[in-house]
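Trainee: Could we go through the charged side chains together today?
Mentor: Gladly, here is what we will look at.

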Amino acid sequence: MHRTFTAFQGQRRLASGPAGEVALVVKRMAARPDEPIIIFEDSTGRSIDFDLRGGDREVLARVAKLVPPPPDVPEPASEPRGRGRPKLGVVAREVTLLPRHWEWLNAQPGGASVALRKLVEEARRTSGDKDRERQARDAAYHFMSTMAGNLPQFEEASRALFADDRRRFTGLIADWPADIRDHIVKLAYSDRA
């Protein structure tokens, strides 16, 4: 899944899409600012700053460092692969558990690491929809707080969003500026059409 970004100038949406595309649109618009421009990361609803100094290539290079490609994109092989297990992208970190948890994990086929990976994958499968709904709601709320915090019925709309009362929520924000309203609804409900 590619990260997308949306730029607003005042209450008007300027651009949505990959970071580089949005950065270049904002760079061109920032040269003649009528109102402040804010860029949001769609997956979180939080604002993000891009360094827009210099030419387009410089901007794109800095944005690429700030917003790297998704981790599932394979890196080109720089050297031939040797014998042994392929690189899986495994990251070693410390996990603190009670002794009985370690005993159970170590008794599992493949040991503690394999058992933990299986437990995490199972949890992702069983709670994936709820996690995505929570992330979408949180992103909508973060964006809404920044862009609509002073608009009428913001508090009631927030309550309806967190209560997952879509009908009431969309009714409460119906009179908000169209680009802001539509983007909030997209963030909150696009995966549950």
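Mentor: We begin with a definition: a salt bridge is a side-chain nitrogen of Lys or Arg within 4 Å of a carboxyl oxygen of Asp or Glu. The model is predicted, so local features need pLDDT of at least 70 and side-chain atom pairs count only at pLDDT 80 or more, while totals for chains, interfaces and linings use all residues. Residues are numbered from 1 along each chain as its sequence is written, and side-chain values use heavy atoms, with hydrogens and water left out.

Trainee: How many salt bridges does that rule give?
Mentor: The count comes to 11 salt bridges.

Trainee: Which side chain does Arg28 meet in a salt bridge?
Mentor: Arg28 pairs with Asp56, at 2.7 Å from N to O. Because Arg28 lies in helix H1 (residues 19-30) and Asp56 in helix H2 (residues 56-66), the pair ties together parts that are 28 residues apart in sequence; helices here are DSSP runs of H or I with at least four residues, and strands are runs of E with at least two, numbered from the N terminus.

Trainee: And what about Arg62?
Mentor: The side chain of Arg62 forms a salt bridge with that of Asp51, at 3.3 Å from N to O. Arg62 is in helix H2 and Asp51 in the loop between strand E4 (46-48) and H2, so this pair links parts 11 residues apart in sequence. Asp51 also forms a salt bridge with Arg53, their closest N and O atoms being 2.5 Å apart.

Trainee: New topic: is Arg53 buried or exposed?
Mentor: Arg53 counts as exposed, at 60% relative accessibility, where buried means under 20% relative accessible area, exposed over 50%, and partly exposed in between (1.4 Å probe, protein chains only). Asp51, at 27%, is partly exposed.
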